[in-house]
Amino acid sequence: MFAEGKVYDLPELRGKERVFADREEAGRVLAGMLEKYRGSNALVLAIPAGGVPVAAVLAEELGLELDVAVVSKITLPWTTEAGYGAVAFDGTLLLNQELISYYGLTEEEIEEGRQKTAAKVARRVKELRGDRPFPQLKGRPVILVDDGLASGFTMLTAIQALQKLGADRLIVAVPTAHWGALERVAPYVEAIYCPNIRSGWRFAVADAYELWYDVSEEEVKELLSRHNGSR
């Protein structure tokens with residue numbers, strides 16, 4: 001535990017790569033770190049798509065309610081691997097002005113990226129949540145899960161959107177993260193659980209996993225249906 005008592009990690013995993021077989025194993029490791037929430041009224045909210053396999057295992061192991069908070073990064077025009085901001089399910093928008101300046105993105109490119117991402121988010125919300133109202137958030141622990149944090153901007157966007165819905169006890173649970181992303185996110189949440197913290201100029205979430213693949217929406221729907229059908 002460090003960073004003013006807010007960030008909990010596993011010292012034996014610090015700075016290492018390929019520490020998880022897959023997202024499911026990462027979910028089990030996180031469940032072990034979050035044992036105190038077992039059987040509580042905590043809500044697990046996964047950021048799709050990659051956060052869902054992690055969150056499904058976590059929620060299953062601890063006997064917790066599972067749902068999704070749809071947020072998506074706005075990717076650069078020439079690659080889907082890097083983003084310069086994110087859009088949340090309620091339209092909350094966060095932009096990384098440093099990256100926008102660095103890459104010299106135009107207003108038109110930014111607006112096109114925002115619209116494209118907002119449309120993707122709206123479609124995913126319809127697919128994964130339909131018209132269901134959001135669960136009650138106020139006064140209960142809300143555990144926000146993704147498969148990793150590179151810059152932290154997607155997570156920050158999710159946090160802002162959930163706070164607007166009344167979430168006042170937000171806990172972030174991610175298997176791996178860059179230390180800079182944790183520093184960015186920590187001031188806005190109650191705690192962060194991240195077994196594998198890395199730093200350095202080159203960072204990829206995928207490097208924490210032996211098996212890494214793009215999670216399909218079909219897999220996301222199957223995991224959510226299986227979990228909620230068994231409760």
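1. A quick word on terms: helices here are DSSP runs of H or I with at least four residues, and strands are E runs of at least two, numbered from the N terminus. Helix α5 is followed by G166, whose phi is positive, near 105°. Likewise, α2 is followed by G63, with a positive phi near 70°.

2. Some housekeeping. This is a predicted model, where local features need pLDDT of at least 70 and side-chain atom pairs count only at pLDDT 80 or more, while totals for chains, interfaces and linings use all residues. Residues are numbered from 1 along each chain as its sequence is written, and side-chain values use heavy atoms, with hydrogens and water left out.

3. Back to α5, which covers residues 153-164. Its 12 residues reach 17 Å from first C-alpha to last, close to the 16 Å expected at 1.5 Å a residue (the expected span is 1.5 Å times one less than the number of residues). Nine of those 12 residues are buried, so α5 is largely enclosed by the rest of the structure. Buried means under 20% relative accessible area, exposed over 50%, and partly exposed in between, using a 1.4 Å probe and protein chains only. Among the buried residues of α5 are F153, M155 and I159.

4. Now α2, residues 51-62. Its end C-alpha atoms are 16 Å apart, which agrees with the 16 Å its 12 residues should span. This helix is mostly covered, with 10 of 12 residues buried, including V54, L58 and L62.

5. What about the cores? A nonpolar core is a set of buried Ala, Val, Leu, Ile, Met, Phe, Trp, Tyr and Cys residues joined through side-chain atoms within 4.5 Å. The largest one has 47 residues, and L34, V44, L58 and I143 touch the most other members. Helix α2 gives the most to this core, with seven residues. A second, separate core of 33 residues includes A86, V142, I159 and V185.

6. L34 deserves a look. Leaving aside neighbours within four places in sequence, L34 is in contact (heavy atoms within 4.5 Å) with L58, L62, I143, I171, A173 and Y193.

7. Is I110 buried or exposed? I110 is buried, at a relative accessible area of 12%, and sits in helix α4 (residues 107-128). Beyond its neighbours within four places in sequence, I110 is in contact with Y84, L95, I100 and L105. The C-alpha atoms of I110 and I74 are separated by 8.6 Å, though the two residues are 36 apart along the chain.

8. Lastly, Y103, found in helix α3 (residues 97-103). At 34% relative accessibility, Y103 counts as partly exposed.
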